[in-house]
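Here is a short tour of a protein model, written for someone meeting it for the first time. Have a look at the sequence and the fold, then read on.

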Amino acid sequence: MATNAFDPYKALDVPRDANEKQIRKAYSQALRSVHPDRDASLNEQGRALNAARREDLLKAQNTLLSPHQRSAFDSGQSNRSTSRSTAPSTQNVGGRYLGA
């Protein structure tokens, strides 16, 4: 795997054997640190970086919570092969931070 490839385990800072509860907790904690209301004094570039980080966190959580996507990632297959979204709606992902 290339060194600059996206790694959902690193994005959420969870071990490879993390269970669903650990993944959801790590997502929630990481999301809190880049929430738009956290630092209103951020400039446009800072807000853009936080938005990109939130997208990475969501992608990581969706990859690790989907058995198909997780096994594909773990076996070294490209995440691009999962172009059909199997992600739950944003209301079911991340609780109060994404619309619930």
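Which residue just after helix 4 takes a positive phi? That is glycine 76, with a phi of about 90 degrees.

Before going further, a word on the model. It is a predicted one, where local features need pLDDT of at least 70, side-chain atom pairs count only at pLDDT 80 or more, and totals for chains, interfaces and linings use all residues. Residues are numbered from 1 along each chain as its sequence is written, and side-chain values use heavy atoms, with hydrogens and water left out.

**The overall picture**

The protein has four helices and zero strands, in the order α-α-α-α from the N terminus. Helices here are DSSP runs (H or I, at least four residues), strands are runs of E (at least two), and both are numbered from the N terminus. Of the 100 residues, 30% count as buried; buried means under 20% relative accessible area, exposed over 50%, and partly exposed in between (1.4 Å probe, protein chains only). Take the contacts (heavy atoms within 4.5 Å) between residues at least 6 apart in sequence: 62% of them join residues at least 24 apart.

**Rings**

Rings of Phe, Tyr and Trp (its six-membered ring) pair if their centres lie within 6.5 Å; planes under 30 degrees apart count as stacked, over 60 as edge-to-face and the rest as tilted. By that rule there is one aromatic pair. Tyrosine 9 and phenylalanine 73 make up this tilted pair, 5.9 Å centre to centre with 50 degrees between the planes. It links helix 1 to helix 4, with the partners 64 residues apart.

**Another positive phi**

Most residues other than glycine have a negative phi. Aspartate 13 isn't a glycine, yet its phi is positive, at about 55 degrees. You can find aspartate 13 in the loop between helix 1 and helix 2.

Here is how three of these residues compare in accessibility:

| Residue | Relative accessibility | Class |
|---|---|---|
| Tyrosine 9 | 3% | buried |
| Phenylalanine 73 | 5% | buried |
| Aspartate 13 | 68% | exposed |
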